[in-house]
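The following paragraphs lead through a two-chain model, from one chain to the contact between the chains. Please keep the sequence and the coordinates at hand while reading.

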Amino acid sequence: MKQLLELFLAFARVGVMTFGGGYAMLPILEREIVENKGWASHEEIMDYYAVGQCTPGVIAVNTATFVGFRTAGAAGGIAATLGVVFPSVVILSLIAGVLTNFADIPAVRSAFAGIRVCVCVLIFNAVVKLWKGAVPDKAALCLCLAVFVLSVFLKVSPVVFVVLCAAAGILFTRLGVRGK
Amino acid sequence: MILLRLFWEFFKTGLFAVGGGMATLPFLYDISARTGWFTTGQLADMIAVSESTPGPIGVNMATYVGFTAAGVPGAAVATLGLVTPSVIVILIVARVLAAFRQNKYVDAAFYGLRPCSVGLIAAAGVLVVKVALFCADRYAASGAILDLFNGKAVALAALLLLFTRGVKQTKKLHPIVFILASAAVGVVFSF
């Protein structure tokens, strides 16, 4: 029970500190879940993100369920998910109730323009940090660059990349190019 | 019973929207057209608010729609509806993965998936950079290369890079410190 509460609270913290969707959650998740709690490794977070891309639903929720499950079984998955959505329910209910023009307030717009700059830098830092574990050899480097370039320039669903890269991982391993 | 319908509508959204929060948008337009709980104009406001409040965007939008349709219980029920399919699917996937994680094919698949995740995250980062650091409209209007960059934003990004990577005393600070500081800078220098 204590562990479930701990999961709920940790993910509520992640939820309240995430500005701008699943990818912006990554730097916070790295700090809170990987570095502070030790509930998952950097590599596992990458695995969850990949799986979360091609399973239904919001990526933040998928990742929370994964980490919660790994830490404390099915109940843990549910506790973590409730935690990550809890701040949204409270904050959005407050705003929807009183401040329907919240997003038009000049100070809010300026604050979020500032936050967006910060999110760029934090995502950049996260990519640099994850790079070593996720891209161990030349074959993986090719995959990473291909996915990056194609998804910047083409409007292809991430699901396609995930499926193709999983297949490529198996193919590269069989061909023996892995680790070179 | 509007709460039951809210749960069901968002359950379907959560089940079929693959690829993150923004993937729920087409479903929300569909709900608006079929139920009349909210107009498409309201939906545009909801997206703006969901993007400028903490929390995952998909969850924020579900909460907002639920609140508009049926108050605080509606907000809670819509959000639970949205996350229920994810939780069920992920619990099954996590169980299967836990059983097969040592399998050499699963291991090989993840060897390919990790660089894929990094590539997708970096690509998402580029999208944010485009909005946050560049002024495509201003550049298109004037054609002057300096107008392409949002000077204040680039300066802030440079400072943030310095403090998050270069300066030993600030490097280890929690990311939320930098987020809040950037919000303050945004307000003070009217970004």
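Helices (H or I, at least four residues) and strands (E, at least two) are taken as DSSP runs and numbered from the N terminus. On that basis, chain A has 7 helices and 0 strands, and its elements run α-α-α-α-α-α-α from the N terminus on. The model is predicted: local features need pLDDT of at least 70, side-chain atom pairs count only at pLDDT 80 or more, and totals for chains, interfaces and linings use all residues. Residues are numbered from 1 along each chain as its sequence is written, while chains are lettered from A and ligands numbered from 1 in the order in which they are written.

Taken along the principal axes, the C-alpha atoms of chain A fill a box of roughly 60 × 45 × 25 Å. Of its 180 residues, 59% count as buried; a residue is buried if 20 or more other C-beta atoms, placed from the backbone, lie within 10 Å of its own, exposed if 12 or fewer do, and partly exposed in between. Two residues are in contact if their C-beta atoms, placed from the backbone, lie within 7 Å. Among the contacts in chain A between residues at least 6 apart in sequence, 59% join residues at least 24 apart.

Chain A is divided into domain 1 (2-133) and domain 2 (135-180), with bounds that come from an automatic or database domain assignment. The C-alpha centres of these two domains of chain A lie 25 Å apart. Their contact takes 4 residues from domain 1 and 5 residues from domain 2. On the domain 1 side, the largest share, 3 residues, comes from helix α3 (residues 42-54) of chain A. By class, that side has 3 nonpolar, 1 polar and no charged residues, where Ala, Val, Leu, Ile, Met, Phe, Trp, Tyr, Cys and Pro count as nonpolar, Asp, Glu, Lys and Arg as charged, and the others, Gly among them, as polar.

Two packed helices are described by the angle between their axes and the distance between the axes. Axes here are lines fitted to C-alpha atoms, for helices over the stretch in contact, and angles run from 0 to 180 degrees between N-to-C directions. In chain A, the axes of helix α1 (residues 2-17) and helix α4 (residues 59-98) come within 7 Å and cross at roughly 45°. That angle makes α1(A) oblique to α4(A), because angles under 35 degrees count as roughly parallel, over 145 as roughly antiparallel, 65 to 115 as roughly perpendicular and the rest as oblique. The residues of this contact of α1(A) with α4(A) divide into 19 nonpolar, 7 polar and no charged.

In chain B, helix α3 (residues 40-51) and helix α4 (residues 57-100) pack at an angle of about 135°, with their axes 9 Å apart. α3(B) is therefore oblique to α4(B). Residues making the contact include B:Met46 and B:Ile47 of α3(B) and B:Met61 and B:Tyr64 of α4(B). By class, the contact has 7 nonpolar, 4 polar and 1 charged residues.

How many residues does each chain bring to the contact between chain B and chain A? The contact takes 82 residues from chain B and 95 residues from chain A. On the side of chain B, α5(B) gives the most, with 25 residues. The residues of that side divide into 56 nonpolar, 22 polar and 4 charged.
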